[in-house]
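I opened this model to look up its fold and its aromatic contacts. My notes are below.

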Amino acid sequence: MALRNVREQGELILGKISKEVKEMTPRTAELIEDMLDTMYEANGVGLAAVQVGVLKRIFVVDVTGEDPYIFVNPKILETSGEQSGQEGCLSVPGKTGIVTRPNYVKIAAYNENMEYFELEGEELLARAICHEYDHLDGHLYVEKVEGRLMDVEELEEEESADA
């Protein structure tokens, strides 16, 4: 399909609450395809519609690189546990920070055919789902960073010094 421009921190749209999808139109289906193409091109594991300038409650996640999940009008039903780790975002390029999120999440949503499903995820999948879900309510991960936000290069230098 097509690549879309990813909105970056500081752009007002990223702070807005996304609206529910009433029906799957050809335009919305095209948006989802474009989101997947954009996410893969940027080597991301998730992307919310608001990140490409569309205020719809849609996000995509693929933690394996070959099995994408599409979430339309998602609702987190349950979370448990805790994990802390490095997190980044296509809307905050070149930066990373430590964020604590649930280690388990159960989510309900509709797929690209507007079929209802529920999904349980742990570890990276849970982190990615929670990260993208936050975008739908106008929040960036930088609001949750513990300590300071770091440049990706700075982190790589620290890790190679520790090795």
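**Ground rules.** I am working with a predicted model, where local features need pLDDT of at least 70, side-chain atom pairs count only at pLDDT 80 or more, and totals for chains, interfaces and linings use all residues. I number residues from 1 along each chain as its sequence is written, and side-chain values use heavy atoms, with hydrogens and water left out.

**Fold.** I looked up the secondary structure and found three helices and eight strands. I took these as DSSP runs (helices H or I, at least four residues; strands E, at least two), numbered from the N terminus. From that end I read the order α-β-β-β-β-β-β-β-α-β-α.

**Burial.** I call a residue buried under 20% relative accessible area, exposed over 50% and partly exposed in between (1.4 Å probe, protein chains only). Buried residues are 42% of the 163 in the chain.

**Aromatic pairs.** I paired rings of Phe, Tyr and Trp (its six-membered ring) with centres within 6.5 Å; planes under 30 degrees apart are stacked, over 60 edge-to-face, the rest tilted. I got four aromatic pairs. Phe71 and Phe117 have ring centres 5.7 Å apart and planes at 45°, so I logged this pair as tilted. Phe71 is in strand β3 (residues 69–80) and Phe117 in strand β7 (residues 116–122), so the pair ties together parts 46 residues apart in sequence. Phe71 is buried, at 0% relative accessible area. I also noted that ring pairs link Phe59, Tyr69, Phe71 and Phe117 into a cluster.
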